[in-house]
Structures are given as C-alpha cells and as structure tokens.
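Good morning, and thank you for coming. I would ask everyone to look at the sequence and the model before I continue.

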Amino acid sequence: MRTTKAVRLPAAAAVLAALALLSACSGGSGEPQAARSSAPVQPPATKAEQIVDTLPGMPPVLDPADVYAADRPGNLSPVVKNFPSLVYVPNTNSDTVSIIDPKTYRVVRTIRVGRQPQHVVPSWDMKTLWVNNDLGNSLTPIDPKTGKVGKPVAVHDPYNLYFTPDGKYAIVMASMDRALVFRDAHTMKTVKSLPVSCYGVNHADFSRDGRYFIVSCEFSGEVLKVDTAKMEVLRQEKLPFHGAMPQDVKISPDGKLFYIADMMADGLWILDGDRFTKPAFLPTGKGAHGLYVSRDSRVMYVSNRGEGTISVFDFAQKRLTEKWRLPGGGSPDMGGVSADGKVLWLSGRYNSEVYAIDTGTGKELARIHVGSGPHGLAVYPQPGRYSLGHTGIFR
C-alpha cells in the first residue's frame with residue numbers, strides 16, 4: 001500500500017527559486033558563465049578555474065564546469081575501443097544475465113550467474129564487468145573483450161558496487177548488512193567495513209574532487225555524506241518526506257549539486273553536497289528511480305518506474321522540459337546511454353523486458369524480452385577514462 005504523503009512538496013516556482021539559491025550558495029570553484037549557456041562546446045577555462053584539489057591519486061579533472069567532459073559521444077578509451085558493443089541485463093529472479101546486441105535488438109546470449117544478480121558494474125580500469133549476485137554473496141566477473149565468464153569471487157551482500165576515484169578500492173553497498181565495505185579494487189579483499197546506522201544503502205555518486213560521496217539509504221529515507229580517504233561518515237540526514245525511499249544519485253555537471261531520485265516522493269531531491277543543507281524537491285513522476293546524464297551534459301533522464309515514463313531535466317534551465325511515455329506502459333528502472341548518445345537503455349523491472357528509447361525524439365525503438373526481474377543493466381563499452389561503478393558512472 002502506498003505510504004501517505006505527510007509533507008507538502010514545494011510548488012514549481014518554489015523549486016526553481018530553491019535551485020537558484022542552492023546553486024548560488026554552493027562551495028567550490030566558480031562556474032564559468034559560459035557553462036550556463038546552451039552551447040554544446042564550452043570555451044577553455046582559465047588557468048585558475050582549471051585547478052581542482054582532488055583526492056590524491058585521482059585522475060585530474062578535465063573541465064571543472066563539467067565532470068562528464070570525458071563522456072562525449074564515441075570518446076572511447078583505448079582500453080575499451082575494441083570491445084564489442086553489448087547490453088548486459090541482470091535478471092534478479094532468473095539468476096541470469098541476458099546479453100543484447102544493440103544493433104539487432106536481440107538477446108544473443110544468456111549467462112547463468114549467482115542468486116539474485118542486481119547490477120552489472122564496470123570496474124574502475126574498465127577491463128571487467130562485475131555481476132553483483134546479492135543473495136548469492138558473490139561477484140561474477142565477465143571479460144567484456146572476449147565474453148569469458150570468470151570464477152565467482154566471494155563477497156557478502158553485494159547489492160551494488162562502486163569504486164573510489166583513485167582506483168584503489170571497490171565499495172560494496174551491503175544493503176542488508178548495513179555497511180559500506182571498502183575492498184581492494186582488484187582482489188576484492190576487505191580493507192575496511194564501515195557500519196552505518198541507516199537502512200538500505202544502495203546508490204551513490206562522488207563529488208567533483210572525489211573527496212566525498214553521497215549515499216542513499218532506501219529503507220530509512222536517509223542520505224549519507226562519506227569521506228572517501230578516511231572511509232568515515234561525515235553527515236547523515238533524514239529526507240523531509242514521510243516514507244521517503246531514495247534511489248539513484250547523480251552529481252550535476254558543474255559539481256555543485258546532487259540529484260537523488262525518490263520512488264515514494266515521486267521526484268528528485270536536489271542537495272548541495274558541500275554544505276549538506278536541507279534539499280529542494282522537484283516532482284518528476286510516480287516511482288522516480290534511475291538517473292542518466294546525456295552525452296552532451298545538457299540534460300538528465302529520469303526513469304519513473306511507477307508510471308512507465310521518462311522525464312527530461314534540463315541542467316541549464318533547472319526544470320523538466322519533456323516527459324516521454326512508453327507505449328502500453330512499462331516499468332523503466334536502471335540502465336544507461338549508448339556510446340553515441342542516441343539511445344537510452346532501461347530495464348523493465350516488472351515486465352521481463354528492456355526498453356531502447358531514442359534520446360532525440362523520446363520514441364521507443366524496441367522492447368526486448370529478457371529474464372524475470374531485470375534490474376541494473378549496463379551498456380558497454382561507454383566513453384570515459386575510468387568507472388566509478390554502478391551501471392556505468394564514467395569520468
């Protein structure tokens with residue numbers, strides 16, 4: 001049964017005002033004026049603006065005005081440029097991974113993995129895809145170059161998986177264990193297990209400098225701010241909505257704000273990560289779930305699982321500009337954007353299907369039958385220099 005909404009959400013005008021205030025008050029380096037224009041190519045930043053004091057060992061920030069600057073269409077790293085283009089779909093109820101050829105929209109292979117695979121996660125060095133077998137307490141490695149499936153690695157409660165920006169550690173979102181488990185990024189041996197007092201840690205994203213990350217706690221309606229190097233919780237706050245269930249987390253291109261999808265509040269929380277003050281709220285649609293940034297960093301796609309729609313949020317305008325409806329409905333969940341930026345791929349969590357959506361028109365290109373309970377699918381390869389985890393957060 002749906003939780004009763006006990007907090008009145010701000011009207012659209014109030015949301016815009018709150019967003020403007022958040023942007024104005026945000027810490028860090030100043031945003032170049034050109035970054036707020038609609039031009040796809042930004043002028044070079046000044047020398048002073050290029051300096052970002054990053055986490056030691058983290059690759060330098062290419063453009064302080066756009067953390068996604070390395071993710072442009074077709075900008076594949078030499079590491080992945082010869083990998084076959086495929087879509088990997090973990091089926092939580094079938095204990096399999098369906099592999100789709102994006103050119104033919106057909107399942108070309110099905111791999112049996114551990115119990116309840118939740119996400120397919122690219123490793124930091126982008127050489128391995130890790131299947132998170134949550135109830136199987138293991139990670140199944142897949143070589144995306146050859147398709148070879150490796151021996152599962154024992155990891156307890158791997159609901160989701162992230163990597164620190166310096167590439168040293170994997171961070172297991174141990175949802176039921178109520179812990180963030182820092183492991184060696186290659187061997188997966190535990191370095192530190194950080195207990196948390198919230199319930200259901202599940203999604204995250206890192207600050208522009210990589211020194212902290214924001215984590216959503218699904219079952220207690222909370223968010224955490226975690227120090228990356230110290231592996232310690234810095235702040236913890238309850239979202240101002242009764243029954244909140246925060247899901248996916250994404251940082252804005254300029255690095256000033258974090259967006260947190262909430263499937264019970266039916267929209268996005270907009271949080272100033274540096275200041276960690278009370279977030280603003282923007283309604284998007286029933287069951288807001290996954291967040292994906294376009295290849296030109298102009299917009300973010302929001303999957304509204306509870307109503308079969310995708311909302312389009314414009315970063316420069318700070319508002320929703322479109323809503324795409326899947327014909328016949330559906331349950332769009334997690335996924336990613338194709339390497340060329342032309343197709344948004346989303347799993348249909350409750351419909352045993354995957355949706356391919358044209359990012360130019362919002363039209364459904366294909367609906368592909370897969371196993372039962374498809375969840376965190378990975379489109380691979382994707383542009384970028386390194387992976388921060390989940391279904392593909394690249395910098």
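This is a predicted model: local features need pLDDT of at least 70, side-chain atom pairs count only at pLDDT 80 or more; totals for chains, interfaces and linings use all residues.

Strand 8 and strand 9 (residues 169–174) run antiparallel and are joined by 4 bridges. Strands here are DSSP runs (E, at least two residues), numbered from the N terminus, and two strands pair if DSSP finds at least two bridges between them.

Residues are numbered from 1 along each chain as its sequence is written, and side-chain values use heavy atoms, with hydrogens and water left out.

On confidence, pLDDT is the predictor's confidence in each residue, from 0 to 100. The protein has a mean pLDDT of 91, and 87% of its residues reach 70 or more. Over residues 1–14, pLDDT stays under 50, and the model has 21 contacts beyond four places in sequence for them; a contact means heavy atoms within 4.5 Å. Residues 23–49 also have pLDDT under 50, with 29 contacts beyond four places in sequence.

I turn now to the interior. A nonpolar core is a set of buried Ala, Val, Leu, Ile, Met, Phe, Trp, Tyr and Cys residues joined through side-chain atoms within 4.5 Å. Buried means under 20% relative accessible area, exposed over 50%, and partly exposed in between (1.4 Å probe, protein chains only). The largest such core has 33 residues, and Ile214, Tyr259, Leu268 and Met300 have the most contacts inside it. Among the elements that give two or more residues to this core are strand 13 (212–217), strand 18 (267–272) and strand 19. Strand 17 gives the most, with 5 residues. Leucine 268 touches, among others beyond four places in sequence, Tyr259, Phe281, Leu291 and Met300. A second, separate core of 24 residues includes Val61, Val196, Cys198 and Phe213.

Is valine 120 buried or exposed? Valine 120, in strand 4, is buried, with a relative accessible area of 0%.

Serine 123 lies in the loop between strand 4 (117–122) and strand 5 (129–133), and serine 123 is buried at 5% relative accessible area. A polar atom of the serine 123 side chain lies 3.3 Å from the backbone nitrogen of lysine 127. Beyond its neighbours within four places in sequence, serine 123 is in contact with Thr128, Trp130, Phe163 and Ser387.

Finally, proline 283 belongs to strand 19 (residues 280–283). Proline 283 is partly exposed, with a relative accessible area of 41%. Not counting residues up to four places away in sequence, proline 283 touches Asp266, Gly267 and Leu320.

Notes:
A polar contact is a pair of N or O atoms within 3.5 Å; within protein, one must be able to donate a hydrogen and the other to accept it, and residues adjacent in sequence count only if both atoms are side-chain atoms.
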